[in-house]
Every structure is written in C-alpha cells, then in structure tokens.
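Take a walk through this protein with the sequence and the 3D view side by side. We start with one term, then go from the sheet to the core and on to a few single residues.

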Amino acid sequence: MSQIPCRVFAFLAAVEGNWRNAIYVECGEHTCPHANQCGAVLFAADADGAPILMPAAAIRSCGGQEVDKLECKACLERPAFVAAYRQFIDWHTDCDGDCALRQLLATQPFPLCKSPPDTGEK
C-alpha cells in the first residue's frame, strides 16, 4: 500500500495532536475577494519555522469539531500574520496583491487529505 503524505498529520504533529495549540488567523478583510475561501485558518510552524496552515473548516469537516478562536493559543488578524511572515510570504507566493493566506494554503507541501488511488487489489 502506498503512503500519501497528508497535511492534517503534519499539522497535528506540529500542534501536538490538539488544534487548540495552534494560532487562529482570521482574514477579517471585508474587501478581500477570497475571504469566504480562507476566512479563518489555524497556524502552526514546522521544525524549520515554516508555516503549516489548516483551514478551520477542515477541522470541522475532518473531526466534527467547531473551532472556537478563543480556545486557540492566540488569535491574529491576517495583516499581523502577513507582517510577521513577510519574508517567507515574499519568497513563497506571487506578489500580485492576491490574498497571502489563500496563496499559502495553495502552496502547502502536502495535500489536505488524499485517498490512495483504487488499484483494484485486495
């Protein structure tokens, strides 16, 4: 059976198995055309300090739990997150003015969750 890396496992490893150990990042931008796509993400850093982002909606769909930002370690609005990770964002996203959260979510190293292809073998 082939192993397919999944961002959920990397995220859970970074937060020691509990999403409440993450930082809640809220888009909060009423003018952002992508606010409904990335509205709120949970942020953790990997061993090298690179961000691992998990949409709050994914926690709800994978684990059935509603993410309450007040239960997280901290809350940041998108501009504060972007300011803190400015150099990383500049190196890992296009500088076309698009939403940095949305671009970082799209460039995460592993898919959110992916099932192995069905080979018909049992």
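Buried means under 20% relative accessible area, exposed means over 50%, and partly exposed lies in between, with a 1.4 Å probe and protein chains only. By that scale Cys 72 is buried, because its relative accessibility is 9%. Keep the scale in mind; it returns below.

The model is predicted: local features need pLDDT of at least 70, side-chain atom pairs count only at pLDDT 80 or more, and totals for chains, interfaces and linings use all residues. Residues are numbered from 1 along each chain as its sequence is written, and side-chain values use heavy atoms, leaving out hydrogens and water.

Begin with the sheet. Helices (H or I, at least four residues) and strands (E, at least two) are DSSP runs, numbered from the N terminus. Two strands pair if DSSP finds at least two bridges between them. Here 4 strands form an open sheet in the order β3-β2-β1-β4, with mixed pairing. Its edge strands are β3 and β4 (74–77), and each pairs on one side only. From one strand to the next, the twist averages 30 degrees.

Now look at the pairs. β2 and β3 are antiparallel and share 5 bridges. One of the contacts between them sets Ala 45 against its bridge partner in β3, Pro 51. β1 and β4 run parallel instead, joined by 4 bridges. There, Ile 23 stands opposite Ala 74 in β4.

How many of the residues of β3 are buried? The count is 5 of 5. Both faces of the strand are covered. Pro 51, Leu 53 and Pro 55 lie on one side, Ile 52 and Met 54 on the other.

Two helices lie across β2 and β3. Axes are lines fitted to C-alpha atoms, for helices over the stretch in contact (heavy atoms within 4.5 Å). Angles run from 0 to 180 degrees between N-to-C directions. α1 runs at about 115 degrees to β3, and α3 at about 60 degrees to β3.

Next comes the core. A nonpolar core is a set of buried Ala, Val, Leu, Ile, Met, Phe, Trp, Tyr and Cys residues joined through side-chain atoms within 4.5 Å. The largest one has 16 residues; Phe 11, Trp 19, Leu 42, Met 54, Ile 59 and Val 67 touch the most other members. α1, β2 (40–45), β3 (51–55) and α3 (56–63) each supply at least two of its residues. Another core, of 13 residues, lies apart from it and includes Phe 43 and Ile 89. Back to Phe 11: leaving aside residues up to four places away in sequence, its contacts include Trp 19, Leu 42 and Ile 59.

Then turn to the cysteines. A disulfide is a pair of cysteine sulfur atoms within 2.5 Å. The whole structure has 0 disulfides. For Cys 72, the nearest cysteine sulfur is that of Cys 75, 6.1 Å away. Cys 75 counts as partly exposed because its relative accessibility is 41%.

Finish in a loop. Glu 16 lies between α1 (7–14) and β1 (23–26). Its phi is positive, about 55 degrees, although Glu 16 is not a glycine. Why does Glu 16 count as exposed? Its relative accessibility is 70%, so Glu 16 falls in that class.
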